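Please consult the sequence and structure shown here.

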Amino acid sequence: QVQLVESGGGLVQPGGSLRLSCAASGFTKNYYTLGWFRQAPGLEREGVSRFSNNDGSIWYSDSVKGRFTISGDNAKMTVYLEMNNLKPKDTGVYYCAMTEGQIYGYSYSSASVDYWGRGTQVTVST
């Protein structure tokens, strides 16, 4: 059974930084995509960033490009999201997501996700 365990959320002031981690276990195939979605109250869940271990390809949403950095540790089946210059609009529940195989293209839809973490709250506020 695949499990995704997130950590690193919290409360931070605007302009601050946080680092999220997601460790996967129970996945037995060679190739996967690990990434992050977020959901603010009253809004749909949106893709933030993803990492595919097959070729190391990375995707970011336009709203976080230049501020967030995703990285993966294939040996630990773990993905990290370094979030800098955080803004109040970044507030929401951040969900780790895993997909069997590589995701191609210039988007990241929840329909492509096979497994979800429980989520971790990120709040950016004074």
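The points below are grouped by topic.

This is a predicted model, in which local features need pLDDT of at least 70 and side-chain atom pairs count only at pLDDT 80 or more, while totals for chains, interfaces and linings use all residues. Residues are numbered from 1 along each chain as its sequence is written, and side-chain values use heavy atoms, with hydrogens and water left out.

**Nonpolar cores**

- A nonpolar core is a set of buried Ala, Val, Leu, Ile, Met, Phe, Trp, Tyr and Cys residues joined through side-chain atoms within 4.5 Å; buried means under 20% relative accessible area, exposed over 50%, partly exposed in between (1.4 Å probe, protein chains only).
- The largest nonpolar core comprises 27 residues, and Trp 36, Met 83 and Met 98 have the most contacts inside it.
- Strand 3 (18–25) gives the most to this core, with 4 residues; strands (E, at least two residues) are DSSP runs numbered from the N terminus.
- A second, separate core of 6 residues includes Phe 37, Trp 59, Ala 97 and Val 113.

**Aromatic pairs**

- The whole structure holds 5 aromatic pairs, counted when ring centres of Phe, Tyr and Trp (its six-membered ring) lie within 6.5 Å; planes under 30 degrees apart are stacked, over 60 edge-to-face and the rest tilted.
- Phe 37 and Tyr 108 form a tilted pair, 4.4 Å centre to centre with 45 degrees between the planes, and these residues are 71 residues apart.
- Phe 37 counts as buried because its relative accessibility is 0%.
- Trp 59 and Tyr 108 form an edge-to-face pair at 6.0 Å and 75 degrees.
- Ring pairs join Phe 37, Trp 59, Tyr 95, Tyr 108 and Trp 116 into a cluster.
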